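This briefing is meant for a reader meeting the structure for the first time.

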Amino acid sequence: MIALLSASAMVLTVLQATINAPTEAFRRCLRESSTKATNEKAAADAIDAYLRNACSVQMGTLKGAVVAFRTKNGMGKKAAAEDADMTVEDYVAT
């Protein structure tokens, strides 16, 4: 029983790590791009598009990781994709 719990904990730790790296990469890109946009005096209404363009690779990686993580935990693919979109929206908005 203890071995089963230990194995489950290790699997969950590995799954969580698969989502942490893309999350941190996306957040880092957003911070760096926000600073760059500020230095370039980008218009306030253009920041969203600026960030999405600058961080499109990291955004795609994060979306893929969130979908994979959620589907491995039993969520349907459509719901997981919607959750990934909301996650990205939250990060860009903040």
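A nonpolar core is a set of buried Ala, Val, Leu, Ile, Met, Phe, Trp, Tyr and Cys residues joined through side-chain atoms within 4.5 Å, and buried here means under 20% relative accessible area. The model discussed below is a predicted one. In its largest nonpolar core there are 16 residues, and of these F26, L30 and V88 touch the most other members. Helices α1, α3 (56–72) and α4 (77–93) each supply at least two residues of this core, and the largest share, six residues, comes from α3.

**Overall make-up**

- The secondary structure of the protein consists of four helices and zero strands, and the order of elements from the N terminus on is α-α-α-α.
- The protein has 94 residues, of which 24% count as buried.
- Among the contacts in the protein with a separation of 6 or more, 61% are accounted for by residues 24 or more positions apart.

**Helix α3 against helix α4**

- The axes of α3 and α4 come within 8 Å and cross at roughly 140°; the two helices are therefore oblique to each other, since angles from 65 to 115 degrees count as roughly perpendicular and those over 145 as roughly antiparallel.
- The crossing in which α3 passes α4 is right-handed.
- From α3, the residues M59, L62, K63, V66, V67, R70 and T71 take part in this contact, and they meet K77, A80, A81, D83, A84, D85, T87, V88 and Y91 in α4.
- Sorted by class, the residues in the contact of α3 with α4 are nine nonpolar, two polar and five charged.

**Helix α2 against helix α3**

- The axes of α2 and α3 come within 5 Å of each other and cross at roughly 75°, which means that α2 is roughly perpendicular to α3, a description that covers angles of 65 to 115 degrees.
- On the α2 side the residues R52, N53 and A54 are involved, and they meet S56, Q58 and M59 in α3.
- By class, this contact of α2 with α3 is made up of two nonpolar, three polar and one charged residues.

**Helix α2 against helix α4**

- The angle at which α2 and α4 pack is about 120°, and their axes are 10 Å apart; α2 is therefore oblique to α4.
- The crossing of α2 and α4 is right-handed, and the contact is made by D48, L51 and R52 of α2 together with V88, E89 and V92 of α4.
- The residues of this contact of α2 with α4 divide into three nonpolar, no polar and three charged.

- V66 is found in helix α3, and it counts as buried because its relative accessibility is 2% and the cut-off lies at 20%.
- Although V66 and I19 are 47 residues apart along the chain, their C-alpha atoms are separated by 6.4 Å.
- When its neighbours within four places in sequence are left aside, V66 is in contact with I19, A80, D83, A84 and T87.
- V88, which is among the residues that touch the most other members of the largest core, is in contact with F26, R52, M59, L62 and K63 once its neighbours within four places in sequence are left aside.

**D83, a buried residue in α4**

- D83 is found in helix α4, and with a relative accessibility of 16% it counts as buried, because that value is under 20%.
- Not counting residues up to four places away in sequence, D83 touches V66, R70 and M75.

- K41 is exposed, because its relative accessible area of 71% is over the 50% that the term requires.
- Most residues other than glycine have a negative phi. The phi of K41, by contrast, is near 55°, a positive value in a residue other than glycine.

Notes: Residues numbered from 1 in each chain as written. Predicted model: local features only at pLDDT ≥ 70, side-chain atom pairs only at ≥ 80, totals over all residues. Heavy atoms only, no water. Buried < 20%, exposed > 50% of the residue type's maximum accessible area, 1.4 Å probe, protein only. Contact = heavy atoms within 4.5 Å. Axes fitted to C-alpha atoms, helices over the stretch in contact; angles between N-to-C directions. Parallel < 35°, antiparallel > 145°, perpendicular 65-115°, else oblique. Nonpolar A, V, L, I, M, F, W, Y, C, P; charged D, E, K, R; others polar. Left-handed = near helix turned anticlockwise from the far one by under 90°.
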